[in-house]
Amino acid sequence: MGEALEARMRDRLGRECLYVPSCRLGLYVALRHWCRPGGRVLMSPVNDDVILFVVLAAGLRPVQAPLDPRNGTIDGSAVPEATWRSLDAVVTTNLYGNPDPASALRARCDALGVPLLEDAAHAIGSVAGDRPVGSYGDASVFSLSKHTAAKTGGFLTFADPALRDTLREARDALLTPSRLSAELVHALRPYAEAGVRGLRLVRAARAVMRLLGMEEREAIRMPLRPGELKQAVARAPALPPFHSWVRVDMHDYRISPGRARLRRTARLLDRLDDRLAAHLEGTRRLLASPWGAPGPGPVQPLFRVPLLVADRDAAIAALARRRITTGYLYDPPLDDYASELFTDPSPDPEPARWFARHALPADPLGAERIIAVLDAAGVRPAGAPPVPGSGGGPAGGTGG
């Protein structure tokens, strides 16, 4: 399944690759292989809630990390020593393509004797130090739904080629058979979306996507349903009890791909370098705008550029009036969303709250149009972020 795709990714990344129907399924396979049930996993609180449910499904306890408020990356230096010593694994996020400090996290994991797992769903073209994101961890997962816009598929990559048969068997045990109806929906989806959007029927498009299980969220976060979730946690590690959460916005996350799906994915993967070049150019333009927050190191071909605005909801409304939709919002942070019932909170939650409240994920492929709309609407940049470890007080300005 997907051997040709695996070969292309192996050449790009320089390590063993296994095709998976979705990044979320690949992460579940990795967590089950590298982590013992009941273990504690450090992760970012500004992340898709699906990832929280994947960690819980693997029978693990999420531990939320403090973040750098400028770009949402994990701040390993702010993790208490006692927390480090309690961990069984670290999962990076590389939010929007901004690399987490992979080298420092790798060194700390090596010292502790625990695995580093990289979620590179947003970062297929990003580099940390002099190496690609995804080449530092014991395992890493990539999504083909993001930069390539394939709407399906991903990779589980790993450092030890001897694990290939074991991980392939674990993947295959979780797969459901391919269905003709699912293949037809996947094949027709890009044409349907283009048609209704070409007619400016954005509401109709979203209604159709919800009907097909492709977009289910009425708010940024899906309903937690804590009573049901407690029952599911009691049955972990197991994926079926968490299916209603893990499948959100991607009902075919564990389906065996058909030939048409694989062929289309291969065509889109062939164009990846051109897409990355376009993302890089758009990222440069957005970071140079009044709302951009350039980070250290070289500019990356970000999947989304987190512009920092004073009033995010007003900015989203201004973009919506020009039929520019905003997605990939992760607010509130996972510790506020899930509470101490289901996760250990960050020791310093304010930087993550500030970032989640002010980050406006902007598609770099629409950079010029987005900049024009925000400028015309008078959208103000966010004030200075809180100083990490200060208890939440701003470093200066109002913060919006």
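In strand E10, which spans residues 305–308, Val 305 and Leu 307 point one way while Pro 306 and Leu 308 point the other way, and all are buried. Here a residue counts as buried under 20% relative accessible area, as exposed over 50% and as partly exposed in between, with a 1.4 Å probe and protein chains only. Strands (E, at least two residues) and helices (H or I, at least four) are DSSP runs, numbered from the N terminus. In a regular strand the side chains alternate between the two faces of the sheet. The model is a predicted one, in which local features need pLDDT of at least 70 and side-chain atom pairs count only at pLDDT 80 or more, while totals for chains, interfaces and linings use all residues. Numbering starts from 1 along each chain as its sequence is written, and side-chain values use heavy atoms, with hydrogens and water left out.

E10 has a partner in strand E11 (residues 359–362), and the two pair in the antiparallel sense over four bridges; strands are said to pair if DSSP finds at least two bridges between them. Within this pairing, Pro 306 stands opposite Pro 361.

E4 runs parallel to strand E2 (residues 40–43), to which two bridges join it, and Leu 42 has Val 90 as its bridge partner. E4 also pairs with strand E5 (residues 116–119), again in the parallel sense, over three bridges, with Thr 92 opposite Glu 118. Between E4 and E5 the chain crosses through helix H5 (residues 102–112), and this β-α-β crossover is right-handed: with the strands pointing away from the viewer, the path from the first strand over the helix to the second runs clockwise.

On the scale of the whole protein, the secondary structure comes to 16 helices and 11 strands, and 54% of the 400 residues count as buried. The largest nonpolar core has 50 residues, and those with the most contacts inside it are Leu 31, Phe 53 and Leu 156. Such a core is a set of buried Ala, Val, Leu, Ile, Met, Phe, Trp, Tyr and Cys residues joined through side-chain atoms within 4.5 Å. Leaving aside neighbours within four places in sequence, Phe 53 is in contact (heavy atoms within 4.5 Å) with Met 222, Leu 224, Leu 229, Phe 242, Trp 245, Val 246 and Tyr 337. Apart from this core lies another, of 46 residues, with Leu 67, Val 90, Val 133 and Leu 144 among them. In soluble globular proteins, nonpolar side chains tend to be buried together.

Some features of the backbone also deserve a friendly glance. The peptide bond from Ala 236 to Pro 237 is cis, with omega near 5°, and Pro 237 is found in the loop between helix H9 (226–234) and helix H10 (243–246). The bond from Asp 331 to Pro 332 is cis as well, with omega near 5°, and Pro 332 lies in the loop between helix H13 (312–321) and helix H14 (334–342). Arg 323 is found in the loop between H13 and H14, and its phi is near 60°, a positive value in a residue other than glycine.
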